[in-house]
Amino acid sequence: MREEGAICVQNLHKRFGDVLAVQGISFDVQRGEIFSLLGPNGAGKSTTISILSCLLTPTQGDALVMGHSVVREPRKVREEIGVVPQEIALYEDLSARENLDFWGRMYGLRGAALKQRVAEVLEIIGLTDRQKGRVGKFSGGMKRRLNIGIALLHRPQVIIMDEPTVGIDPQTRRNILDSVKELNRNGTTTLYTTHYMEEAQELSDHIAIMDHGKIIASGTHEELVRIVGEMDRLDLVLSGDVERVLGEWQGIAGVCQATAADGKLTLLVDDSNLVLPRLFESANRLGVRITSVEIQEPNLEAVFLHLTGRALRD
Amino acid sequence: MKVLDIAWKDLIRSFRSLFFLFFGLAVPLLMSGLFYLAFGGISSDDEGFDLSVTEVQVVNLDEEGFGGQLLVGILQDESLADLLHVTAVDDAASARAAVDRQEAGVAVIIPSDFTAAVTDPQGQAAVEVYCDPTLTLGPGIVAGIVRQVVDGFAGSQIAVGVASERLGAAGVTVDATTEMGIAMRYAAWASGQHGENSLQVRAPASAPETSAAVRIIGPIMAAMMVMYVFYTAAASCLSLLEEQEKGTLPRLFTTPITRAEVLGGQFISAFVLLVFQIAVLLGVSAAVFGIQWGAPLPVALVTLGMIVCAIGLGILITALLKNTRQTGVIYGGVLTVAGMLGMIRVFTGNVAGASGHVFDVVSLFVPHGWAVRGWLALQQGAGVSEVLPTVAVMLTVGVAFFTFGVVRMTRRLA
């Protein structure tokens with residue numbers, strides 16, 4: 001196993017009873033890069049993150065974090081990483097400062113160094129003015145910021161973020177994405193999981209797409225998009241029997257892939273200029289009205305659709 | 001150091017918790033305070049509370065016999081003056097009528113053949129205790145005294161019967177005067193057996209002198225303290241489950257810390273919290289209710305035993321629960337029932353005989369019962385050697401619970 005990367009995952013398996021949540025995945029994360037694990041809920045992202053955070057032991061395989069094995073040297077791995085869990089994991093009856101102070105101690109900080117670092121992190125997450133306030137009275141965005149701040153306390157080499165933007169408002173989301181970029185500029189390696197294609201696209205140097213416990217594609221954004229070639233993605237909203245239309249349109253020349261969800265059809269097509277007139281003609285014949293059409297350049301959503309036959313949001 | 005950091009964090013959280021402040025400190029004191037007021041703790045003097053004096057009318061139809069005179073004399077004894085006011089009347093019907101009119105609580109009617117009956121081995125006579133059905137304590141006292149005297153005479157009858165039989169077998173004729181003499185000698189002997197010379201009822205040498213209200217409130221306060229200390233210990237340990245569900249426990253395990261440090265911090269926190277709770281409850285109850293808890297060393301031993309036992313049970317319960325939604329069952333069910341069983345001896349303290357013994361034994365089936373036993377012993381002035389067995393049981397049970405709970409918790413957190 002190579003050790004020069006920040007994270008080297010090799011043939012990782014995790015079984016829960018009869019369920020194989022992670023099925024032999026391997027990937028490398030280079031030092032100083034942002035690496036995203038992209039996939040729908042249940043793809044195995046959080047299980048992978050839990051193994052890399054030493055919360056779960058792999059059933060088979062191993063991973064090195066900054067050269068330390070998660071199986072054999074979990075304590076050393078924990079010293080190197082900062083983990084931002086998906087759920088907000090804070091003591092709501094303590095103040096922001098008390099939370100940072102406690103978690104700093106858990107990472108081994110003491111005395112003046114701890115005091116100084118807590119002040120710095122409060123500044124980074126913009127909570128200096130609210131440092132004495134009870135966390136239970138904070139807004140969701142403030143809690144999210146503090147949740148991230150805790151992972152920064154000991155200046156970790158690697159930060160692992162498990163879907164940190166789930167269920168938050170756009171402004172806080174923007175704030176978090178900017179924080180991740182800022183950390184990256186300072187040389188921190190970030191492993192980031194998300195099921196939002198836009199986030200992976202905006203942040204990542206490398207992306208691994210996961211589905212059903214496997215990595216089905218990996219590479220830079222450009223490399224991944226190339227998988228679907230020059231295909232366009234069409235999102236259509238119809239009034240009528242979408243399932244009947246779906247069956248009809250899958251046979252239309254130029255349509256490579258078609259899926260339906262929530263009354264919306266998503267198609268991967270060779271050339272939207274040629275295919276669209278055929279779709280309208282078919283819709284007329286079937287007595288269905290097309291109420292909205294959106295043409296998109298190839299993106300990660302299209303890649304996922306191409307590889308799995310399902311939309312990422314499924 | 002991290003162990004202490006975790007303990008300190010948990011302590012801060014506990015002291016900010018309304019649950020602890022209310023249920024841990026306020027409720028046991030309030031409950032005991034209510035009992036204290038109910039038993040006249042504020043209004044009375046040193047004696048705490050007073051039983052009302054029962055009016056008794058005695059009709060001695062056995063004026064010539066020594067039996068009737070003896071019974072009347074006992075009822076009119078000065079030592080009973082605080083409880084009974086005895087008036088001798090001539091007519092049984094008027095005595096009963098006085099009871100019916102509630103002018104008297106009890107009428108005691110001694111039949112004319114009382115002495116003859118009690119000295120005749122074959123004789124039978126019944127002293128009538130006619131009482132107001134709305135009263136319980138006064139008639140109970142009178143009936144108890146009468147029963148005691150009659151039982152004494154029953155012994156005389158047996159003595160006369162046995163003596164007559166033996167003397168008859170030896171060819172000696174026993175007349176009525178001789179029988180009376182035997183009966184009186186037996187009565188004198190029985191009186192001596194139960195008198196001050198042969199029976200001394202004493203409190204332990206170190207037993208504090210306490211008022212009646214304190215004698216009642218002391219055990220109740222002990223029971224309340226035990227019940228709520230076990231609640232607090234369970235709540236403190238159950239915070240592990242809460243942390244697991246809120247994600248702070250898994251997050252802790254992403255930091256360089258061991259499971260032993262987390263559990264150790266939890267134990268230290270619970271220990272200090274319970275020491276504080278017990279110290280406050282002991283101090284406040286001593287100051288407000290005047291309860292004397294005993295010497296420092298035995299108190300410290302019982303405190304240690306109870307804390308280890310309570311934390312052990314708390315860890316065991318936490319290890320057996322799946323989530324915090326089940327804690328309602330624990331508080332409402334297991335801990336409350338165990339607590340009530342444990343304190344049953346406090347509220348059945350007046351039950352005499354086999355039933356009282358059964359309650360005492362039943363209370364020892366739960367850890368609370370051993371703790372209550374320890375505190376009651378302290379209130380009666382027990383020293384180190386007297387509480388050591390109880391403390392040893394609590395420590396053993398606590399360590400056993402703790403070990404089982406920690407093993408299970410460690411597997412669960414692994």
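Q: Which residue in S2(B) does Val59(B) stand opposite?

A: Strands of a sheet pair through backbone hydrogen bonds, either parallel or antiparallel. Here Val59(B) stands opposite Val89(B) in S2(B). The strands concerned, S1 (residues 54-60) of chain B and S2(B), run parallel and are joined by six bridges. Strands are DSSP runs of E with at least two residues, helices are runs of H or I with at least four, and both are numbered from the N terminus; two strands pair if DSSP finds at least two bridges between them.

Q: What conventions apply to the model and its numbering?

A: The model is predicted: local features need pLDDT of at least 70, side-chain atom pairs count only at pLDDT 80 or more, and totals for chains, interfaces and linings use all residues. Residues are numbered from 1 along each chain as its sequence is written, while chains are lettered from A and ligands numbered from 1 in the order in which they are written.

Q: In what order do the four strands of the open sheet in chain B stand?

A: The order is S2-S1-S3-S4, with mixed pairing. Strand S2 (84-89) and strand S4 (128-131) of chain B are at the edges with a single partner strand each, so one side of each has no neighbour in the sheet. From one strand to the next the twist averages 20°, where axes are lines fitted to C-alpha atoms (for helices over the stretch in contact) and angles run from 0 to 180 degrees between N-to-C directions.

Q: Which helix lies across S1, S2 and strand S3 (106-110) of chain B?

A: Helix H3 (residues 66-75) of chain B does, running at about 165° to S1(B).

Q: How many residues lie between S9(A) and S10(A) in their hairpin?

A: Two residues lie between them, and His212(A) in the turn has a positive phi of about 50°. S9(A) and strand S10 (residues 214-219) of chain A pair in the antiparallel sense over five bridges, with Met210(A) opposite Ile215(A) in S10(A).

Q: Which residues have the most contacts inside the largest nonpolar core?

A: In soluble globular proteins, nonpolar side chains tend to be buried together. A nonpolar core is a set of buried Ala, Val, Leu, Ile, Met, Phe, Trp, Tyr and Cys residues joined through C-beta atoms within 7 Å; a residue is buried if 20 or more other C-beta atoms, placed from the backbone, lie within 10 Å of its own. The largest core here has 161 residues, and Val226(B) and Ala234(B) have the most contacts inside it. Helix H8 (residues 212-246) of chain B supplies the largest share of this core, 22 residues.

Methods: Two residues are in contact if their C-beta atoms, placed from the backbone, lie within 7 Å. A residue is buried if 20 or more other C-beta atoms lie within 10 Å of its own, exposed if 12 or fewer, and partly exposed in between; C-beta atoms are placed from the backbone.
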